[in-house]
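Please look through the model shown here with its sequence alongside, and keep both at hand while reading.

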Amino acid sequence: METRSKNLRTGRSVWQAGRAPGVPHRPLHRDIDTDVLIIGAGITGAMVADALSASGWKVVLVDRRGPAKGSTTASTALVQYEIDTPLVKLSRKIGEADAIRAFRRSRLAVDALAARLGELGVALQRRDTLYLAGNILDADGLRRECEARHVAGLACRMVRRGELRDMGIRASAGLMGYGDFTIDPRAAACALLNAAVENGAAIYAPVGIVDIAHTKTTVSAQTSTGHRIRAKHVVFATGYEFPKRVPQHGHQIISTWAIATVPQKRKLWPGEAMIWQSADPYLYVRTTADGRVICGGEDEESLDEAERDALIGRKTRTLQRKLGQLLPGIDTRADFAWAGSFGQTDTGLPMIGQLPRMPNGWAALGYGGNGTTYSRIAAEIIAGALNGRPVVDADLYRFRR
Ligand SMILES: Cc1cc2nc3c(=O)[nH]c(=O)nc-3n(C[C@H](O)[C@H](O)[C@H](O)COP(=O)(O)OP(=O)(O)OC[C@H]3O[C@@H](n4cnc5c(N)ncnc54)[C@H](O)[C@@H]3O)c2cc1C
């Protein structure tokens, strides 16, 4: 296989309560030609297909599972500009100027994605993000983070213990950032895929890509059904299933867990800001449109998929206990519990761009908690490059040899 198939998620995520929106797709029974082949019909492939098909490219998407059936359906879909690595720490790792550029680029991507989803009629909830003090950044650390974000031109403010208490949140200090949002990730991916199909894109599934040969100007992908797809460009949007030819730059696949509580609109905190702890292990919290509380975290490194799935019961109880400590007014009874593969990099930045030694090969991989924001940045970078436009900030995410 061009990518090793994994058990990407188990349990039942809150998005699976209803039926997935329909996305036209079919099996592949012949050899075909296209301009761009996108491998992976999750939210990343959907955004890239939307951007490329809108600018006139003939696009084919393939997926060995089906539209939005990979980790996209497990995402808790907090769409934030705040990167997993705080600005003060990212500045130490990659330099202040680049760290500021990365934060600003994410800020722009969140707004651009909100605008595009709005055009498509996808329901999204604009939310602020409350970053709570923990063992990574304590209250003083958050104050430094606040100053660093102000230098970068990013609005935020410190929130004291008393104000948090009035909101029903138990923590010593917080940093409020503005203008993020939450979505149903499966619905968003399907809307973007349908927009691409309306622009002429074709989706073939279930179809796996088992091998790829390439020259300087073409790629030829062999499918699990024994057919060939010839294209001018290939884009790997394969999520946490890494292609064998892609350098991983310290990216690690880890395991993560999430729950969604019973609906409880009357018990939610004012403003329903997304909550995210600056801690390891960390906890994050958001609400859904129907008043549930989603709580996730408890990440663990290097667990195999069977071990990860066996832990769903125990991790659910831990998440419920910690959620109850953080938000004592919340009913922690869980209607949904699920687990998934997840990623992390040293910097919190993903890998996006042209592949080394494969001029017509592109990839968007290596996501941690900001996957959705990075999917949007990937679509902007890849569509910009293929359309021959200067691509600002691409150097922040590029693959290195
Ligand atoms: C529990 C959990 C919570 C998360 N919370 C958040 C969050 O709050 N915010 C956020 O932004 N992100 C979050 N994420 C991360 C987010 O889920 C990912 O960033 C996102 O799903 C990645 O989308 P994708 O399209 O790249 O991958 P996927 O949705 O996995 O799609 C990749 C597709 O590629 C296909 N594929 C792979 N190899 C091949 C092949 N050889 N041939 C054909 N098809 C292939 C797969 O079948 C799959 O459908 C979370 C993830 C998990 C597990």
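The paragraphs below go from the domains to the ligand, then to a pair of helices and some details of the backbone.

This is a predicted model, in which local features need pLDDT of at least 70 and side-chain atom pairs count only at pLDDT 80 or more, while totals for chains, interfaces and linings use all residues. Residues are numbered from 1 along each chain as its sequence is written.

The domain assignment gives the chain a domain 1 (9-74 + 186-245 + 350-396) and a domain 2 (87-180 + 250-344), the bounds of such domains being taken from an automatic or database domain assignment. The C-alpha centres of domain 1 and domain 2 lie 27 Å apart, and the contact between them takes 24 residues from domain 1 and 28 residues from domain 2, where two residues are in contact if their C-beta atoms, placed from the backbone, lie within 7 Å. On the side of domain 1 that touches domain 2, the elements giving two or more residues are strand S1 (9-11), helix H6 (185-198) and helix H9, and H6 gives the most, with 5 residues. Helices (H or I, at least four residues) and strands (E, at least two) are DSSP runs numbered from the N terminus. By class, this side of domain 1 has 12 nonpolar, 8 polar and 4 charged residues; here Ala, Val, Leu, Ile, Met, Phe, Trp, Tyr, Cys and Pro count as nonpolar, Asp, Glu, Lys and Arg as charged, and the others, Gly among them, as polar.

The ligand is surrounded by 43 residues, of which the closest are Gly-42, Gly-70, Gly-239, Gly-340 and Gly-371; a residue is near a molecule if its C-beta atom, placed from the backbone, lies within 6 Å of it. Two or more residues of this shell come from each of helix H1 (43-54), strand S4 (78-79), strand S12 (252-261), strand S16 (334-344) and helix H9 (371-386). The shell divides into 15 nonpolar, 21 polar and 7 charged residues.

H1 and H9, both of which give residues to the shell, also meet each other through residues that include Ile-43, Met-47 and Val-48 in H1 and Thr-372, Ala-379 and Ile-382 in H9. Their axes come within 8 Å and cross at roughly 35°, axes being lines fitted to C-alpha atoms, for helices over the stretch in contact, with angles that run from 0 to 180 degrees between N-to-C directions. The residues of this contact divide into 10 nonpolar, 3 polar and 2 charged.

Some backbone details deserve a look of their own. The peptide bond from Ala-205 to Pro-206 is cis, with omega near -5°, and Pro-206 is found in the loop between strand S8 (202-204) and strand S9 (209-214). A cis peptide bond also joins Asp-280 and Pro-281, with omega about 0°, and Pro-281 is found in the loop between strand S13 (274-277) and strand S14 (283-287).

Ala-68, in the loop between strand S3 (59-62) and S4, has a positive phi of about 55° although it is not a glycine. Is Ala-68 buried or exposed? Ala-68 counts as buried because it has 26 C-beta neighbours inside 10 Å, a residue being buried if 20 or more other C-beta atoms lie within 10 Å of its own, exposed if 12 or fewer, and partly exposed in between, with C-beta atoms placed from the backbone. Asp-393, in the segment after H9, likewise is not a glycine but has a positive phi, of about 75°, and with 20 C-beta neighbours inside 10 Å Asp-393 counts as buried.
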